[in-house]
Amino acid sequence: SHTVVFSFFVHLYLSIVHLDFGFLQPKPENAVTVAVSSRVLFRTEREQKVFEQQGVEEYLRYQIEHENEPFAPGPAFPFVKALEAVNARLRELYPQSEELFDIVLVTYNHAHVGIRLINTINHHNLFIERFCMTGGSSPIGYLKAWQTNLYLSADANKVREALTEGIAAATMFMPEKMTEVSESQLRVAFDGDAVLFSDESERIFKAHGLDKFFEHEKENEDRLLDHGPLKGFLEALGKLQKKFYAKGQRLDCPIRTYLVTARSAASSGIRALKTLRAWGLEIDEALFLAGAPKGPMLEKIRPHIYFDDQMFHIEGAAEMGTIAAHVPYGIAQKHNSKHNTSAGK
């Protein structure tokens, strides 16, 4: 099809451009692959409105008419820039290594829109080597072929589909205001239950209340929590961090990870920490908030992305300018609303 042929040439063109820069494309099995939809990397609300109100033909005509106007940065843009900053540091230390972040731009768009996307990528000096333009088809099969470590999208249904297939995924939202974030250090913050860990403890809390939850955690503090959907991505970050530690750069590492949980340290935190240690995963900072709001803490951390399974916390973070991504996984999805709080989270 035209789409496949066009995608091939986009890939080839970008490969040549990046070889000129002296960059080698890592093989998917060596890289940490982050797939980002065009709707979260860039601001495409106006185009989305044309598509919804006037249909696909008018939308394509509009895109072609405006193909020399670059899209503005979207919620995933600072995160992707931070990934590229880490890559620059990794290339300095390990010129031949393929253990890098590999960013794949995923779009349901028709290939005609590719020209505007390439123009936008060049305008913003992004180094995105792989495109996946599916012309309306689901991208999940391609994500599996790329061995994707993380998929970020504005489409909650596609994110659920990816999670079902075992791919770490989250839905991104544009905050009202965007807090300024570091350009030299990638900061990634994770909720605990139903994000890094399974939703086992959250289920106890929802079914039996806070006292039973504390009791359950105390009784099971030496039994590891099962893994959640984002554990693999934290693992991938840890692998890259260790490359900096091996060169004596622990204190100047350009990747920093945070656990931000509503668990209480004394009553339920120990199980979370023992689980991470048993997995061989280091988290740089762990904040046990004992039910306090997460927004003010996240405002201090200023992460490029914060993952949580509850919209209540996503909304609270976004109100304070934090770019938050919703992981639609586990029991909380049956309870997700603005009025929903949780002890296990």
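In this predicted model, helix α3 meets helix α4 through R46, E47, V50, F51 and Q54 on the α3 side and V56, E58, Y59, Y62 and Q63 on the α4 side. Sorted by class, that contact is made of five nonpolar, two polar and three charged residues. Both helices turn up again in the lining of the largest pocket.

**How the two helices pack**
- Two packed helices are described by the angle between their axes and the distance between the axes.
- Here, α3 spans residues 45-54 and α4 spans residues 56-65, and their axes come within 7 Å, crossing at roughly 150°.
- Angles over 145 degrees count as roughly antiparallel, so α3 runs roughly antiparallel to α4.

**The largest pocket**
- This pocket has a volume of about 430 Å³.
- It's lined by 24 residues, and Q48, F51, Y59, Y108 and N109 sit closest to its centre.
- The elements giving two or more residues to that lining are α2 (38-41), α3, α4 and β4 (101-107).
- Which of them gives the most? That's α4, with four residues.

- The model has three cavities of 30 Å³ or more.
- The largest cavity holds about 50 Å³ of space.
- By class, the lining of the largest cavity is three nonpolar, two polar and two charged residues.

Methods: Residues numbered from 1 in each chain as written. Predicted model: local features only at pLDDT ≥ 70, side-chain atom pairs only at ≥ 80, totals over all residues. Heavy atoms only, no water. 1 Å grid on protein atoms, 1.4 Å probe; cavity = no way out; pocket = protein on both sides within 12 Å on 5 of 7 lines; lining within 4 Å. Points joined across faces, edges and corners; volume = space filled by probe spheres on them. Nonpolar A, V, L, I, M, F, W, Y, C, P; charged D, E, K, R; others polar. Axes fitted to C-alpha atoms, helices over the stretch in contact; angles between N-to-C directions. Parallel < 35°, antiparallel > 145°, perpendicular 65-115°, else oblique. Contact = heavy atoms within 4.5 Å.
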